[in-house]
Amino acid sequence: MAVKKIESALISVFYKDNLEPIIARLKKHGVKIYSTGGTQKFIEEQGAEVIPVEELTSYPSIFGGRVKTLHPKVFGGILYRRENEGDVSQAAEFDIPAIDLVIVDLYPFEETVASGASEADIIEKIDIGGISLIRAAAKNFKDVTIIASKNQYAELEAKLTEQDGGTTLEDRRYFAAQAFQVSSNYDTHIFNYFNQSENIPALKVSESKAKALRYGENPHQAAHFYGDLENLFDQLNGKELSYNNLVDVDAAVNLIAEFPDQTAFAILKHTNACGCATADSVKEAYQKAFAADTTSAFGGVLVTNKTVDKAAAEEMHSLFFEVLIAPEFTEEALEVLKGKKNRILLRQKMALPGTKMIKTLLNGVIEQDKDLATESKEDFKVVTKVAPSEKELDALVFAAKVCKHTKSNTIVLSNDSQLFASGVGQTSRVDALRQAIIKAGEFGFDLKGAVMASDAFFPFPDCVEIAHEAGITAVVQPGGSIKDQDSIDFCDSHGMSMVMTGVRHFKH
């Protein structure tokens with residue numbers, strides 16, 4: 001494609017990092033530069049001549065800098081079509097010079113919101129001139145090159161070096177697409193800021209950081225992750241995270257967040273906990289979690305909410321697992337765990353942000369609040385003649401937390417600090433319970449005195465009947481069935497206790 005030489009440029013940027021090589025390149029090719037304010041001063045310090053925008057427009061910067069470039073001589077120079085005789089004639093009539101390159105970035109709106117700044121400061125970071133210049137230059141990409149982010153400085157410098165100070169139409173179209181990505185992302189974050197209080201029923205999602213994954217759920221499916229994982233985790237070892245790793249990691253950190261005041265450990269496979277426990281140390285918690293299902297733990301995702309020390313690392317080192325997540329690792333622990341080069345070690349730096357969940361569905365998208373409800377003893381309503389003991393109440397709280405993060409239909413069996421077994425993703429709650437009982441037996445757990453948690457109500461008393469036969473003494477469930485009383489009556493006649501929460505935790 002033909003290269004169009006850049007003869008004039010408008011530069012007005014917030015971030016000036018790495019701009020020097022471009023200034024040097026423009027200076028070398030004798031490009032006429034227009035600028036204003038701090039950018040003008042910066043360019044002049046590089047030894048390049050600058051025409052102030054105020055000189056071009058014959059108008060000063062006004063309203064504290066809110067209006068600087070919003071002028072026909074600026075936008076006319078960007079927008080007039082060089083091949084259109086009428087536009088060329090009008091540009092000459094009104095003494096509007098052509099502007100071939102626009103380098104503009106936007107005020108840091110997202111960063112200002114994240115900093116907890118006042119609303120007045122946030123509003124001042126809504127860019128008007130910059131966003132308008134970006135859109136104008138991108139619209140007229142046939143004649144104008146637009147650089148809308150400091151992340152594109154290196155690309156522009158390379159183009160100017162390779163093509164002797166010019167760009168091709170293909171280059172300009174590419175930069176225009178990048179510019180509209182920048183502008184749409186910016187507007188999305190501004191809308192979402194205002195919509196926190198207005199609740200306009202519109203879904204705006206924009207993630208400008210993308211990472212290609214090796215493949216999706218299966219090798220024949222392409223996949224990307226959109227977001228900033230580096231903000232959430234430091235990866236200390238191992239291969240790149242896969243699609244399935246990411247799904248399991250999300251489930252793992254959500255589950256472990258249920259135990260803020262205890263030392264907890266969980267092992268997950270396909271987003272379900274095959275082991276979960278609390279203890280006095282990470283090593284002991286891991287041992288108890290692993291004991292729940294020593295088969296499924298193979299190739300799992302491991303997570304804890306406390307520092308992994310050498311003792312814990314040595315205990316789990318012999319197990320093949322994909323990922324281990326912790327808030328911190330001791331140096332001695334890392335030395336042990338890094339013995340397997342593909343093992344992914346993630347240091348979690350912050351809690352999961354956000355309160356919404358989004359999923360594509362049919363020909364649209366569904367959105368909902370995250371399930372942030374977690375029941376404590378105070379939320380339990382005892383509905384049987386026999387009330388749970390304090391130890392049983394602790395066990396019911398533990399079981400309910402694990403149950404909340406397990407695929408429906410689910411049943412969880414446990415004591416107050418260890419998952420014994422769960423029945424997950426079954427079409428029948430009875431099947432889920434039977435699956436859990438069988439698994440508990442296979443891994444040597446005696447269910448006498450254990451508790452049972454269900455993610456939804458019992459439509460019939462069959463589950464409590466089966467649970468009683470297995471030795472389970474206490475049950476937690478949301479309630480809400482028209483036949484609740486049947487299950488309550490069975491418990492009363494067999495000395496079992498039952499509490500209801502009034503909160504269902506389906507997880508599809």
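This is a predicted model: local features need pLDDT of at least 70, side-chain atom pairs count only at pLDDT 80 or more; totals for chains, interfaces and linings use all residues.
Local features need pLDDT of at least 70, side-chain atom pairs count only at pLDDT 80 or more, and totals for chains, interfaces and linings use all residues. Residues are numbered from 1 along each chain as its sequence is written, and side-chain values use heavy atoms, without hydrogens and water.

**Nonpolar cores**
- The largest nonpolar core has 50 residues. A core is a set of buried Ala, Val, Leu, Ile, Met, Phe, Trp, Tyr and Cys residues joined through side-chain atoms within 4.5 Å.
- Buried means under 20% relative accessible area, exposed over 50%, partly exposed in between (1.4 Å probe, protein chains only).
- Ile11, Leu26, Ile78, Val102, Ile103 and Ile146 touch the most other members of the largest core.
- Helix H10 gives the most to this core, with 7 residues. Helices (H or I, at least four residues) and strands (E, at least two) are DSSP runs, numbered from the N terminus.
- Apart from this core lies another, of 41 residues, including Leu346, Phe380, Ala474 and Val476.

**Ile11**
- Beyond neighbours within four places in sequence, the contacts of Ile11 (heavy atoms within 4.5 Å) include Leu19, Leu26, Tyr34 and Ile103.

**Leu203**
- Leu203 sits in the loop between helix H10 (169-198) and strand E8 (210-212).
- Leu203 is partly exposed, at 43% relative accessible area.

**Ser481**
- The loop between strand E22 (474-477) and helix H19 (484-493) holds Ser481.
- Ser481 is buried, at 11% relative accessible area.
- Phe457 is 24 residues away along the chain, yet its C-alpha atom is 6.0 Å from that of Ser481.
- Leaving aside neighbours within four places in sequence, Ser481 contacts Phe457, Phe458 and Pro459.
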